[in-house]
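Dear colleague,

Here is the structure I am handing over, with notes on what was found in it below. Please read the notes alongside the sequence and the coordinates.

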Amino acid sequence: MSTGGRFDPFAGSGPRWRAVPAWRPFLEDLAAGVLDWLGDQTPETLTDATILLPNRRAARAFSSALGKLAGDRPVLLPQVRPLGDLEEDEPPFAPGELGLDLPPPSPP
């Protein structure tokens, strides 16, 4: 899953999950990790990624943090999607938007 000791979020199949310790600035650490992984790759590399965040405010703040940390470097944003503050027909819940292999829900 890593190349040269670095985390590679696109290695292997299926979703990859990671955590940031609670005492750290989550969005800034996430943006720094994404840019660290990006390294010397082309700016459009991130367009294949989907980053799920808790709400729209977090999605906007992450995009802002990524732009701020990128500085003068051109970077095309990944798909940044909120999990909350959504209508039923909005991504990521619209049919066909995300291919997560989740088990079926528990019966009521």
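What is the mean pLDDT of the protein chain, and what share of its residues reach 70 or more? The mean is 77, and 70% of the residues reach 70 or more; pLDDT is the predictor's confidence in each residue, from 0 to 100.

This is a predicted model, in which local features need pLDDT of at least 70 and side-chain atom pairs count only at pLDDT 80 or more, while totals for chains, interfaces and linings use all residues. Residues are numbered from 1 along each chain as its sequence is written, and side-chain values use heavy atoms, with hydrogens and water left out.

Confidence is highest in helix H2 (residues 56-70), at a mean of 91, and lowest in strand E1 (residues 2-3), at 42. Where pLDDT is low, the predicted coordinates should not be read in detail.

The protein chain has 2 helices and 4 strands, in the order β-β-α-β-α-β along the sequence. Helices (H or I, at least four residues) and strands (E, at least two) are DSSP runs, numbered from the N terminus.

Of the 108 residues, 26% count as buried (buried is under 20% relative accessible area, exposed over 50%, partly exposed in between; 1.4 Å probe, protein chains only). The chain exposes about 7,700 Å², and carbon and sulfur atoms supply 55% of that area (Shrake-Rupley method, 1.4 Å probe; for residues, only the protein chains shown count as cover). Among contacts with a separation of 6 or more, 63% are between residues 24 or more positions apart; contact means heavy atoms within 4.5 Å.

Helix H1 (residues 26-38) packs against H2 at an angle of about 50°, with the axes 9 Å apart. H1 contributes Leu27, Glu28, Leu30, Ala31, Ala32, Val34 and Leu35 to the contact, and H2 contributes Ala58, Ala61, Phe62, Ala65, Leu66, Leu69 and Ala70. Axes are lines fitted to C-alpha atoms, for helices over the stretch in contact, and angles run from 0 to 180 degrees between N-to-C directions.

Two residues in the loop between H1 and strand E3 (50-53) complete the notes. Glutamine 41 lies in this loop and is partly exposed, at 35% relative accessibility. Its C-alpha atom is 9.9 Å from that of valine 75, 34 residues away along the chain. Aspartate 48 lies in the loop between H1 and E3 and is exposed, with a relative accessible area of 65%. The C-alpha atoms of aspartate 48 and proline 78, 30 residues apart along the chain, are separated by 6.6 Å.

Regards
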